[in-house]
Amino acid sequence: MMIEATLPDVLGADAASSGLGRASALMLCRALADPTRLELMASIWRGERCVCDLQASVGGKPQNVVSHHLAQLRRAGMAQTRREGRWVYYRPADSLSARLEQALTLLLGPRGNLASDCR
């Protein structure tokens with residue numbers, strides 16, 4: 001599905017018509033304001049990724065730093081996890097609204113289906 005909208009269309013419309021109100025826009029901006037979280041969300045947006053893949057995507061930052069930023073994305077409702085054995089996989093939250101998905105697509109590009117190499 002091709003999403004045709006501009007960021008002002010998504011974030012500038014009133015909450016009743018857009019479904020993404022000021023609170024959601026503020027949450028999105030706060031969650032992605034940090035460069036590490038933006039890069040982590042961009043990696044997750046391309047497909048489900050394990051923590052080791054995500055650590056590599058942010059230049060090998062320490063695991064505790066990566067985990068801290070991932071926890072913030074989870075608390076913001078933007079990411080969710082799945083555990084498989086000793087691996088923890090992150091992906092965009094299933095609960096993202098259509099408008100929030102549109103905004104993320106505008107910021108991060110099309111959503112992908114990249115599979116993690118961790119097994």
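Ser43 sits in helix α4, where helices are DSSP runs of H or I with at least four residues, numbered from the N terminus. This is a predicted model, so local features need pLDDT of at least 70 and side-chain atom pairs count only at pLDDT 80 or more, while totals for chains, interfaces and linings use all residues. Residues are numbered from 1 along each chain as its sequence is written, and side-chain values use heavy atoms, leaving out hydrogens and water.

**Ser43 and burial**
- Ser43 has 0% relative accessibility, so it counts as buried (under 20% relative accessible area, with a 1.4 Å probe and protein chains only).
- Setting aside neighbours within four places in sequence, Ser43 is in contact with Arg49, Leu54 and Ser57 (contact means heavy atoms within 4.5 Å).
- With 8 of its 11 residues buried, α4 is largely enclosed by the rest of the structure.

**The ends of α4**
- After α4 comes Gly47, with a positive phi near 155°.

**α4 meets α7**
- The axes of α4 (residues 35-45) and α7 (residues 98-108) come within 11 Å and cross at roughly 105°; axes are lines fitted to C-alpha atoms over the stretch in contact, with angles from 0 to 180 degrees between N-to-C directions.
- That makes the two helices, α4 and α7, roughly perpendicular (65 to 115 degrees).
- On the α4 side, Leu38, Met41, Ala42 and Trp45 meet Glu101, Leu104, Thr105 and Leu108 of α7.

Note on methods. Parallel < 35°, antiparallel > 145°, perpendicular 65-115°, else oblique. Buried < 20%, exposed > 50% of the residue type's maximum accessible area, 1.4 Å probe, protein only.
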